[in-house]
Amino acid sequence: MATTTTAGLGSRRTVRKMALAGVLTALSFATSSVVVLPNMAPFQHFFNVITAVLLGPWYAIAVAFLTGSLRMILAGRPILAIVGAVIGAGLAGFLYRWTGKYSAAVIGEVIGTGVISAIVAVPL
């Protein structure tokens, strides 16, 4: 019979989180490539909030960066696809971690993507 150690549990959680992050990245890219409003990707923001709630802010930032990079490279979107997504996902994750409320994650995504990333993207 195999025994599990605490080190084994930690690495299993990490692998599960990374696998889920990969699946969420693929779903986010696939859906945001199919349903596109002019210069907007509503499904990417949806998956940013889901990732922020399920995995936390750092994974949300990574998933948003990967999805934005894929959209930029494969779909010909501007670099703003990365800037807006990363700031919104990060703020959503941190607000959810701080409050524990889903509405805080949604508000963080809206403010991070709509307001803060617009200010940051001005020089770009």
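First, the ground rules. Residues are numbered from 1 along each chain as its sequence is written, and side-chain values use heavy atoms, with hydrogens and water left out. Because the model is predicted, local features need pLDDT of at least 70 and side-chain atom pairs count only at pLDDT 80 or more, while totals for chains, interfaces and linings use all residues.

The protein has five helices and zero strands; helices are DSSP runs of H or I with at least four residues, strands are E runs of at least two, and both are numbered from the N terminus. The C-alpha trace spans about 55 × 35 × 25 Å along its principal axes.

Of the 124 residues, 33% are buried, meaning under 20% relative accessible area with a 1.4 Å probe, protein chains only. Taking contacts (heavy atoms within 4.5 Å) with a separation of 6 or more, 61% are between residues 24 or more positions apart.

Now to H5, residues 102-120. Its 19 residues reach 25 Å from first C-alpha to last, close to the expected 27 Å, which is 1.5 Å times one less than the number of residues. The helix has a kink of about 35°, centred on Gly 112; the bend is the angle between axes fitted to the seven residues ending at a residue and the seven starting there.

Which residues of H5 are buried? They are Ala 104, Ala 105, Gly 108, Glu 109, Gly 112 and Ser 117. The buried residues of H5 pack against helix H2 (42-55) and helix H4 (80-99).

Terms used. Buried < 20%, exposed > 50% of the residue type's maximum accessible area, 1.4 Å probe, protein only.
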